[in-house]
Amino acid sequence: MGIRSDQVTGRTSGATGRTPIVRRTGNRFSVNAMSSISAKGRMHFMVFTETFDADVMCRFLDRLAGHFDRKVHLVLDGHSAHRSRKVRAWLADHPDRIELHFLPLYSPELDPDELVNADLKRSLPMHSRARDQAQLGAETRRFFHRRQRQPHIVRGYFGGPHARYVIE
């Protein structure tokens, strides 16, 4: 997911009849993040500034595989980086580490990780506006670290009717 500095979400208040003003720096910058969650409440993530491509995906798979001593089954959407030759080659070199399962096309409601994306984007603006890319990255990491210490919330991402297939 991409997190931009100029994204305006949340609510604000102002005097009756006057439009509230949201102060921003005017700078545009962004960071990207990817995460993996489990129905048991575990969360793994990576925050990065470069474009999401096959190299970044392989780096994430390496990191994820390093956290487990058994095979990981990862459910993904149809992003082109997930299906790239480089990722398929990585999987062929590590057949006992990670297996990928793809969601049907155009079905974000089946992906519990989309709720993580929404939660992050809802949570970030409530704190303070990042003034640069490093601060935005730090705030994003802070959100993920907080969620890692809240497994009950991570388990809750699987509570929707469309994501119950994971638990069952």
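Strand 2 is mostly covered, with seven of its eight residues buried (buried is under 20% relative accessible area, exposed over 50%, and partly exposed in between, using a 1.4 Å probe and protein chains only). Strands here are DSSP runs of E with at least two residues, helices are runs of H or I with at least four, and both are numbered from the N terminus. The model is a predicted one, so to speak of local features takes a pLDDT of at least 70 and side-chain atom pairs count only at pLDDT 80 or more, while totals for chains, interfaces and linings use all residues. Residues are numbered from 1 along each chain as its sequence is written, and side-chain values use heavy atoms, with hydrogens and water left out.

Now for the overall picture. The protein chain has six helices and five strands, and along the sequence they come in the pattern β-β-β-α-β-α-β-α-α-α-α. The C-alpha trace spans about 60 × 35 × 30 Å along its principal axes. Of the 168 residues in the chain, 38% are buried. Among contacts (heavy atoms within 4.5 Å) with a separation of 6 or more, 65% are between residues 24 or more positions apart.

Strand 1 is joined to strand 2 (residues 30-37) by three bridges, and Gly2 stands opposite Asn32 in strand 2. Strand 2 and strand 3 pair over six bridges. The hairpin they form has five residues between the strands, and there Gly41 takes a positive phi near 100°.

Ser35 is worth a stop. Ser35 is in strand 2, and its bridge partner in strand 3 is Phe45. Ser35 is buried, at a relative accessible area of 11%. Its side chain makes a polar contact of 2.7 Å with that of Asp113; such a contact is a pair of N or O atoms within 3.5 Å, where within protein one must be able to donate a hydrogen and the other to accept it, and residues adjacent in sequence count only if both atoms are side-chain atoms. Setting aside neighbours within four places in sequence, Ser35 also touches residues including His44, Phe60, Val116 and Phe144.

That leaves the cores, each a set of buried Ala, Val, Leu, Ile, Met, Phe, Trp, Tyr and Cys residues joined through side-chain atoms within 4.5 Å. The largest nonpolar core has 22 residues, of which Met34, Leu61, Val87, Ile98 and Leu100 touch the most other members. At least two residues each come from strand 3 (43-48), helix 1 (54-66), strand 4 (72-76), helix 2 (85-93) and strand 5 (98-102), with helix 1 giving the most, eight residues. A second, separate core of 18 residues includes Phe45, Leu120, Val154 and Tyr157.

Key. Two strands pair if DSSP finds at least two bridges between them.
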